[in-house]
Amino acid sequence: MPPYQAINQAAGLIIPEIILLATVCVMFLAGPFLVSETGKAPAGLRHRWGILSLLALGAAMFAWTKAPILEAGAGPFRPDEFVWFVRGVTLVCGMLLTLVLWDQIDDGHAAEAHACLLAILAGVNFVALSNDLVGIFLGLELVSIPTYILLFLARRDWMSNEATIKYFLLSIFSSAFVLYGLSWVFGIAGTTNLTAITEKISAASATTDLGMFRLAMVLIIAGLSFRLTAVPFHFYAPDVFQGVTSSSAAMLSFVPKVVGFTALLRLLPVCFGEAGFTDWMPVGAVRVVLMVLAILTMFVGNLLALRQTSLMRLLACSSIAHAGYMLVGLTVGNSSAGTSGVASLLFYLSMYGIMTIGLFALISAAGTFARPLRSLSDLAGLSRSQPAIALMMAVCLIGLSGLPPTGGFLAKLNLFLAAWSEGTADGRILAITLAVNAVIAATYYLRMISVMYFEQSTVVTETARQPAAWIAGCLCAVATLALFLMPQPLWNAAVHALSHQ
Amino acid sequence: MPQGFKVSMIALLFISLMIPAATALLLMLFRTSLNQSSARWVACCGSVAALLFSVLLLVQYRAQVVDPLGFGITPVASSVDPASSIQPRVEYRQPWLKTGDRMQLEMYFGLDGISVTMIALTTLLTVCSVLISWEAIQDRASEFYAALLILETGLIGVFCSFDLVLFYVFFEMTLIPLFFLIAIWGGPERKWAAIKFFLYTLAGSLVTLSGLIYVVVHTSNEGLANPTSLPALSAWLATHPLPASLQMTLFLAVAAGFLIKVPVFPFHTWLPLAHVEAPTAGSVLLAGVLLKLGSYGFLRICLPLFPTACLELGLPIIGLLSVIGIIYGSLCALAQRDIKKLVAYSSVAHLGFCMLGLFALNIEGITGSVLQMINHGLSTGALFIIVGMIYERYHTRMMDDLGGLASKLPMIACSMVFISMSSIGLPGLNGFIGEFLSLAGMFKANWLYSALGTTGVVLGAWYLLTAVQRVFFGTLKEPHHAGHSDDEITDMNPREFLALAPLIVLCLWIGVRPAGLIEIIEPDIKAVAGLFESQNENPNVALLHNNSNVRNNNAAMSIP
């Protein structure tokens, strides 16, 4: 096959990403021309960029519905059912994140900020799509580099600078870990193509000891744990969340988790010599590592959150804890007995995205650009000043705490059932840890609700209309409730994502 | 059975479930524009509407399911396995979440005689709670009534859920509103009381959840397609019984949450504190309905799922603890100075009768137990209402500070005497029939427990009559409270009368004609009791035989 034909063919598999990246190019190119040299932009320019961003996402979503679902081959991409799921999650959450970002950015920087967000989303998809170690790494970097810019663009005070620098340094550090792990895989297998690696490992595993893979996998897990905010790679999260705007925090609380779990779900089965997810479950040292990570992450995240007074730090800790819950699903794996852990993980991930983006959207909508909500006491009296926002926020918080009647309850229940029905002592320990942590977490989420509803506001807060964030929050709150009543489609999508043989 | 009526019964159920939730949502959304007076009217309308619909439901259930002509009761809902000891007569099933071939959650709402009466009790007591809070709750009235109505939604939901997960969802849903009711509108020690209540019950119910999950996963692995459906699960376990040792472990795990909720001695320590600190409305619902979730849980889950464990452990452990609870609770009540605490401890004793009847594991005992649930809801609810009335007038609940109020408050005194008689178990009033049947049932199983339990009746008469005598009779003694000159103290007003009158009427009606109530709950009790009366024979064959008998046989139970 001539090279141009192969490229043409490959390009046909990534049309949604091409749409996103083309829009990114347009925004980066055209953006500076609409802003004067002093950085002044015509008022309301951000609305145009926001609409363009939504249109691009809409077009990508249309292309997503038309995109073919193919078997993995020797080519650079493998658009299987898993990619279909990841694309759906990123595009839907991308729309919500665009709405949150809308009024959190000044007119002069709107083009770049929206472009960065789209690039991040495309990067997530590339991680899922890649059939190659290099491709996965490039995808991870396509997420990281725009993130640094996005964090820096939205606000420029010393706190934001510190947060951005901290995130930048640690992110590079973790990328190095991942790269080192990937190079081990390459060194052992002699190729970077995932399909070829899988074949080699499944052929070799009968005779050879693949001890080196364990080291490679541990390095990869460690590097990606930074993105998941899994303990002990979590310590940057509270500082960064506190420094950046709530739209950036919304992005940080969700997108890195998606990309981290996507990469893990792509790489770990390969390292075990499995082409698909059927009956895949981590064994041996990797399972122990994941289990320890999960338990530590849940406990540390929740216990840290108990003592926080800063709203963003608290939510950062809650975001850490949620990574722990999801790691339970990964540890259990996709065993055929009982409920699938990986499907529960994907269900939880989507549910968590909706609830956490909704919460951050409502926090943005409740504050103003000049004076965002920062501490827990800023929530006081919210139910009087903005009853609708308070009610929707309460829905998202109840969802995050895993209490009915929200989809968050079912998401936790699935993880619990998956861990318990696995039938081993490890699984039971994980399930019980999950339940205990759900109780610990309930205390601080309930505290937030009680501050909103039962404490009087001490300061007079002016409110600014932020309809975009309000709409995003409203959609998320409604979805949180709707997915309690009708969870089956989401579950089916998660199972479908894993159906690739 | 015509299809049309089925739909309408379920529709009525959903309406009674949704009205409180919708009203609560309304109150929360418009809380800034509602003042105290409009909030209470909204809450009143909502709760009265829910009451009307649930009474309609009860009437229709009685007319349609309990056949008045004696042709036998209407068969159970078509999808229920006849071997099941839980038989909803009307049901609504909607697939909810299927996460595996053998793991399927359902929106499984259903109705049987027990649930339909408990729902009516809930809606009635909620109306009373709203009426009794009319003046007492000045601060954040909108939120108060919203919490009360969310609590009502959760309670109704528990009684109509026939899916284990759904049951648990509603069971937990009742915790949060009551936590806020105590923590915000409670007495001086409210924060601690609320936290103690919350932690105790949550810890217990988590143990319950893990036990339930174990059963669900176990039966699912054994091959049951929908292991969270209660009727299916109980039918499956009747034919594939769990090993006895496993049953006992699971029984104890599942019982943990219910024992705390009831509460059975020695898990009762949260109760007096929570009652004393809760606002009157909270106490009424807590004592009237919330505690029954525990005994209802035993009846619905422990008895059908773990019959062997119930036979093995029920009498030696739960029965013994109940007897201790009856005597200990009564003695504690006798020693109280605070009249609200006295009523709270009397709850411990009265629910001891309820548990004693339940674990007699025969028809008489279980019938007595269910009646005792309803009776205790009515009479203790009314007692808390009266205590609330006194507190509203004198701002004290200490019996030492009060005396001879009968001359000042004749109607309150009159109702108090009446309700005390009902609570003591005077023949002709409702308390008698429940306690008698519970103890009679227990006498069959273990005469010693029954004899010891009977002392509770005597002690009950002692502490309640002492309280009545000290507070209402003798020389007039009123606390001199700042800002309350004597002429402000008035007898029961029409609103308070409306709150109390239905309870008094029902106490009398159930006492005089218990058959009306028993014929509604009896078939369902027979189905459960059949599980135990056949245990000594070949269990499986006898069970099927017995159940088919139950469904064909409508011979009214002989009422002593």
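This is a predicted model: local features need pLDDT of at least 70, side-chain atom pairs count only at pLDDT 80 or more; totals for chains, interfaces and linings use all residues.

Tutor: Two packed helices are described by the angle between their axes and the distance between the axes.

Student: Which handedness does the crossing of H13(A) and H17(A) have?

Tutor: A crossing is left-handed if the near helix is turned anticlockwise from the far one by less than a right angle. The crossing in which H13(A) passes H17(A) is left-handed.

Student: How many nonpolar residues does the contact of H13(A) with H17(A) have?

Tutor: H13(A) contributes Tyr325(A), Val328(A), Gly329(A) and Val332(A), while H17(A) contributes Lys412(A), Leu415(A), Ala418(A) and Ala419(A). Gly counts as polar and Lys as charged. By class, the contact therefore has one polar residue, one charged residue and, as nonpolar residues, six.

Student: Which helix gives the most to the side of chain A that touches chain B?

Tutor: On this side, 23 residues of chain A are in contact with 21 residues of chain B. At least two residues each come from helix H16 (387-401), H17, helix H18 (425-454) and helix H20 (488-497) of chain A. By class, the residues of chain A on this side are 17 nonpolar, five polar and one charged. With eight residues, the helix that gives the most is H17(A).

Student: What is the radius of gyration of chain A?

Tutor: Chain A has 20 helices and zero strands, and its C-alpha trace spans about 70 × 55 × 40 Å along the principal axes. For 501 residues the globule rule gives 23 Å, and the value for chain A is close to this, so the chain is as compact as a globular protein of that length. The radius of gyration of chain A is 22 Å.

Student: Among contacts in chain A between residues at least 6 apart in sequence, what percentage join residues at least 24 apart?

Tutor: Buried residues make up 60% of the 501 residues in chain A. For contacts between residues at least 6 apart in sequence, the share that joins residues at least 24 apart is 81%.

Student: Where does Pro232(A) lie?

Tutor: Most residues other than glycine have a negative phi, and most peptide bonds are trans. The bond from Val231(A) to Pro232(A) is cis, with omega near 10 degrees. Thr229(A) has a positive phi of about 55 degrees although it is not a glycine, and this residue is found in the loop between H9 and H10 of chain A. Pro232(A) lies in the loop between helix H9 (211-228) and helix H10 (236-243) of chain A.

Student: What is omega for the cis peptide bond that joins Val262(B) and Pro263(B)?

Tutor: Pro263(B) is placed in the loop between helix H9 (244-261) and helix H10 (270-277) of chain B. For the cis bond joining Val262(B) and Pro263(B), omega is about -15 degrees.

Student: Is Leu361(B) buried or exposed?

Tutor: Leu361(B) lies in the loop between helix H14 (339-358) and helix H15 (363-394) of chain B, and its phi is near 60 degrees, a positive value in a residue other than glycine. A residue is buried if 20 or more other C-beta atoms lie within 10 Å of its own. Because Leu361(B) has 25 other C-beta atoms within 10 Å, it is buried.

Student: Is Arg307(A) buried or exposed?

Tutor: Arg307(A) is found in the loop between helix H12 (284-306) and H13 of chain A. Its C-alpha atom and that of Tyr444(A), 137 residues apart along the chain, are separated by 8.8 Å. Because Arg307(A) has 10 other C-beta atoms within 10 Å, it is exposed.

Notes
Residues are numbered from 1 along each chain as its sequence is written. Chains are lettered from A and ligands numbered from 1 in the order in which they are written. Helices (H or I, at least four residues) and strands (E, at least two) are DSSP runs, numbered from the N terminus. Two residues are in contact if their C-beta atoms, placed from the backbone, lie within 7 Å. The radius of gyration is taken over C-alpha atoms; the globule rule is 2.2 Å times the number of residues to the power 0.38. A residue is buried if 20 or more other C-beta atoms lie within 10 Å of its own, exposed if 12 or fewer, and partly exposed in between; C-beta atoms are placed from the backbone.
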